Amino acid sequence: MADLDGVKEAKNFHAGVPQKSEGFFLKGSNSLDWGMKNRLARIFNPQSGNTVMLAVDHGYFQGPTTGLERIDLDILPLVPYADTLMLTRGILRSIVPPSMTLPIVIRASGGSSILKELSNEEIAVAVEDSVRLNVSAMAVQVFIGGEYEKQSIHNMTRLIDQGIRAGIPTLAVTAVGTDMARDARYFRLATRICAELGAHYVKTYFIEEGFETVTSCCPVPIVIAGGKKLPELDALTMAYKAIQQGANGVDMGRNIFQSEAPKAMIQAVGAVVHRNETPEKAFQMYNDLKNQK
């Protein structure tokens with residue numbers, strides 16, 4: 001207890017200065033609780049409003065895919081250049097050092113491998129375990145138009161309810177089946193459904209035509225999936241176009257860890273996402289860093 005001797009009378013009340021109430025920087029998030037906002041502010045850079053998420057959760061249904069055979073050797077060196085790491089709890093506990101302070105987005109749904117129907121997922125991580133792991137968000141796959149659409153939507157809404165009780169945001173990840181049209185109409189439908197049902201931000205795919213309509217009618221932030229491996233300049237161009245058309249970041253995996261120079265590539269992506277660097281200048285940055293000895 002503080003010593004009461006020598007206590008001075010308070011006088012610096014600044015009565016003529018109104019208290020400021022700062023609005024939250026992130027789209028659609030101003031009414032969230034303090035803990036939710038704080039976690040989102042770890043994921044999204046408050047200065048740029050954007051994020052570079054490094055996605056390395058592919059093993060939950062693909063196994064040890066190319067570039068993720070040894071996460072300790074190939075992924076941990078990239079961590080200093082990412083804003084967020086998206087992965088499974090198994091990899092987090094077995095490989096990632098607890099001294100790492102990067103915010104974690106945990107893969108919280110699963111159930112089928114690439115050998116079966118992928119939309120047949122369930123919630124795979126209890127919110128209590130997410131609390132124990134001190135994660136900043138929980139990610140759940142949503143299969144709009146898929147065979148198990150209703151089940152995946154209910155997975156999302158249950159996770160949102162659990163997360164709200166614990167103060168942890170939910171990331172809805174829109175999945176596209178091989179027989180679904182990848183067009184603006186579909187992505188407007190998928191992202192809006194996720195947001196309407198309470199997702200705090202949404203991961204979806206960039207499209208060349210009409211992507212700005214997807215971001216503009218979704219009331220919460222959108223980050224784009226990196227998707228399949230592209231040539232480096234093409235991947236940087238995709239990221240640039242997405243940011244210019246309203247996305248709040250990228251969640252890239254293969255376009256970073258399968259790059260010829262992953263460390264250079266993630267820094268070039270960061271320049272596009274946070275500094276609005278053009279694809280050409282970012283690609284030059286990539287080459288310069290790649291060629292450094």
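## Residue V56

V56 is buried, with a relative accessible area of 4% (buried means under 20% relative accessible area, with a 1.4 Å probe and protein chains only). The model is predicted, and local features need pLDDT of at least 70, while side-chain atom pairs count only at pLDDT 80 or more. Residues are numbered from 1 along each chain, and side-chain values use heavy atoms, without hydrogens or water.

V56 lies in the loop between β1 and α2 (59-62); helices (H or I, at least four residues) and strands (E, at least two) are DSSP runs. Beyond its neighbours within four places in sequence, V56 is in contact (heavy atoms within 4.5 Å) with L68, I71, I75, L85, M86, L87 and F257.

## Helix α1

In helix α1 (residues 34-43), the buried residues are M36, K37, R39, L40 and I43. Viewed down the axis of α1, they fall within an arc of 165°, so they line one face of the helix; the arc is that of the directions from the helix axis to the C-beta atoms. These buried residues pack against β1 (51-55), β2 (84-87), β3 (104-107), β6 (137-142), α6 (149-166) and β8 (201-204).

## Helices α9 and α11

The axes of α9 (residues 232-244) and α11 (residues 262-275), lines fitted to C-alpha atoms over the stretch in contact, come within 9 Å and cross at roughly 25°. That makes α9 roughly parallel to α11 (angles under 35 degrees).

The contact is made by E232, A235, L236, A239, Y240 and I243 of α9 and by M265, A268, V269, V272 and V273 of α11.

How values were computed. Buried means under 20% relative accessible area, exposed over 50%, partly exposed in between (1.4 Å probe, protein chains only). Axes are lines fitted to C-alpha atoms, for helices over the stretch in contact, and angles run from 0 to 180 degrees between N-to-C directions. Angles under 35 degrees count as roughly parallel, over 145 as roughly antiparallel, 65 to 115 as roughly perpendicular and the rest as oblique.
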